Amino acid sequence: MDLYYTSTRDSNVKVTASEAILKGLATDGGLFVPETIPALDIPVNQLKEMSYQETAYAVMKQFLTDFTEDELKECIRKAYDEKFDTEEIAPLVKAGDVYYLELFHGATIAFKDMALSILPHLLTVSAKKNKADKEIVILTATSGDTGKAAMAGFADVAGTRIIVFYPKNGVSKIQELQMVTQEGGNVDVVAIHGNFDHAQNGVKKMFENQKLAAELAEKGYQFSSANSINIGRLVPQIVYYVYAYAKLLQYGEIEEGESINVTVPTGNFGNILAAYYAKQMGLPIGRLICASNENKVLFDFFQSGTYNRNRKFVLTSSPSMDILISSNLERLIYQITGKDCSKTAEFMRMLGEEGAYTVSEEMKKKLADFAAGYADEAQTAESIRETYKQTGYVLDTHTAVASHVCREYRRVSKDTAKCVAASTASPYKFVKSVMSAIDKKYNDADELELLKELEQVSGTEMPQAVQNILHAEVLHKKECKADQMEQTVREILNI
Ligand SMILES: *Cc1c(COP(=O)(O)O)cnc(C)c1O
């Protein structure tokens, strides 16, 4: 059966999956959503015998119905290959009473790889299908993780170029090294003198600049985005929840049909939304537990029904969750309005203009699938330290937030369902915060020195991705002022 996508803000929109992937965002500013969420058409007891790639095909074919079997399988094959350091792609590891779904075995050792290793291939197939003949130029602003994952995904993918902007002093040492050493003839990365918001705004302005778009088109280019609102990122993320459930069955940890809870360290609300879609497909998930750091705008929303971004932005040790506008939440809002696009558009207008909105009691009732919690900085560090002490397993800061929230939820609710926590980054990526949490004596240590120390402490080998950047040549040295981003793009593309 063919599945079409509509916009959260205009029900007249009807596009194929490949069109939605190519466009990224609907013209009305809304997000693309599937007209219906398909029911999982393979029984889970069959899924438990399947590899990650086979599971990916089984799930994704139900959402990307205008892709042929060959096209989709080819995308999956190119994405989930030796770039991952384990054949399992997303191993499930039990430590204490939590099952950690390790989503950090890809090229950049964070969960963005799960989707960004396949998006470039989905995008180039989509371009071909829709007879878009221009070279796709991906523009991305990053606070650290997305940029590198996007570069690694798009590097040397024919028909694409990628330009990434990051705040010069706003990313970790490891993150910066990862980006400036990225190889690939179609890759550029620029450090801007400003913060992430400047980078983000600069990119947004270029996307909205019609004159620039026309000049690009003349030269055979078109902009596109690798942003997490693209359904080409969302759909691949549904896969690993299905895979995790199948693993629990395979390992004999649960009975068939047994309901599990899922805890997700959340920023832009993409990862947890994928779990919500998995539940809608019929995967036996009880509660979706949304874990925030001190930027707990989502926790407050689930408590009160009011989303309010008018608050102080806090820099935390889990920077990929330092977000006050969770773009993907719009898809959930759409769902709980009963797919009412004018209501959804109105909430988003209020968010844009006033920075806040409050949902109705009726809508709030429909949030019963969700629970929410948060961890402050001390609790995050404690979560790393205690998990290590009790189990020997070392969590990264983001996963530590989830771990704390998961255990706290269980303590308070007395809900005893087994819990899978999305483990979104390798501890090696945030080695400084992780080691300081384990022992204060590391507080003043050099970040790169600590990598060896972490090998000792965790009994795990330093990921190849980290070893590589330690010796790799710095290939990118471009910098620019925040107001010179367009000029820089023109120079790079020669227009
Ligand atoms: C992006 C990211 C998150 C947040 O995921 P969302 O899909 O934006 O909610 C959490 N942890 C890490 C390490 C990330 O890179």
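Biologist: Which residue's backbone nitrogen lies 2.9 Å from a polar atom of the side chain of Ser225?

Modeller: Keep in mind that we're looking at a predicted model here. Ser225 sits in the loop between strand S9 (221-224) and helix H11 (231-250). A polar atom of its side chain is 2.9 Å from the backbone nitrogen of Asn227.

Biologist: Leaving aside neighbours within four places in sequence, which residues is Ser225 in contact with?

Modeller: Contact here means heavy atoms within 4.5 Å. With the neighbours within four places in sequence set aside, the list for Ser225 reads Ile138, Leu139, Phe207 and Asn230.

Biologist: How far apart in space are Ser225 and Phe313?

Modeller: Along the sequence, these two are 88 residues apart. In space you go from C-alpha to C-alpha, and for Ser225 and Phe313 that gives 25 Å.

Biologist: Let's move to the ligand. How many residues surround the ligand?

Modeller: The closest are Lys112, Gly267, Asn268, Asn271 and Thr424. By class, the shell has 5 nonpolar, 8 polar and 2 charged residues. The number surrounding the ligand is 15.

Biologist: Which residue has a side-chain N or O atom 2.9 Å from an oxygen atom of the ligand?

Modeller: Pairs of N or O atoms count as polar contacts within 3.5 Å. The side chain at 2.9 Å belongs to Asp145.

Biologist: What share of the ligand's accessible area does the protein cover?

Modeller: On its own, the ligand has 380 Å² of accessible area. Of that, the protein covers 97%.

Biologist: Back to Asp145: is it buried or exposed?

Modeller: Asp145 belongs to helix H7 (residues 145-154). Beyond four places in sequence, Asp145 touches Ala110, Lys112, Gln175, Ser320, Lys429 and Phe430, and its side chain makes a polar contact with that of Gln175 at 3.0 Å. The cut-off for buried is under 20% relative accessible area. Asp145 has 6%, so it counts as buried.

Biologist: And what is the phi of Phe269, which is not a glycine?

Modeller: Phe269 is in the loop between strand S10 (260-265) and helix H12 (270-280). Its relative accessible area is 1%, so it's buried. Phe269 isn't a glycine, yet its phi is positive, at about 75 degrees.

Biologist: Lys339 has a positive phi as well. Is Lys339 buried, exposed or partly exposed?

Modeller: You'll find Lys339 in the loop between helix H14 (329-336) and helix H15 (341-354), with a phi near 60 degrees. Buried means under 20% and exposed means over 50%. At 35% relative accessibility, Lys339 falls in between, so it's partly exposed.

Biologist: Now zoom out. What is the radius of gyration of the protein chain?

Modeller: The chain has 22 helices and 16 strands. For 495 residues the globule rule gives 23 Å, and the chain's value is close to that, so it is as compact as a globular protein of that length. The chain's own radius of gyration is 21 Å.

Biologist: Last one: what percentage of the residues in the protein chain is buried?

Modeller: The C-alpha trace spans about 60 × 50 × 45 Å along its principal axes, and the chain exposes about 20200 Å². Out of the 495 residues, the buried ones make up 58%.

Conventions:
Residues numbered from 1 in each chain as written. Predicted model: local features only at pLDDT ≥ 70, side-chain atom pairs only at ≥ 80, totals over all residues. Heavy atoms only, no water. Near = heavy atom within 4 Å. Polar contact = N/O pair within 3.5 Å; in protein donor to acceptor, adjacent residues only side chain to side chain. Areas by Shrake-Rupley, 256 points an atom, 1.4 Å probe, with all protein chains shown as cover. Nonpolar A, V, L, I, M, F, W, Y, C, P; charged D, E, K, R; others polar. Helix = DSSP H or I, 4+ residues; strand = E, 2+ residues; numbered from the N terminus. Rg over C-alpha atoms; globule rule 2.2 N^0.38 Å. Buried < 20%, exposed > 50% of the residue type's maximum accessible area, 1.4 Å probe, protein only.
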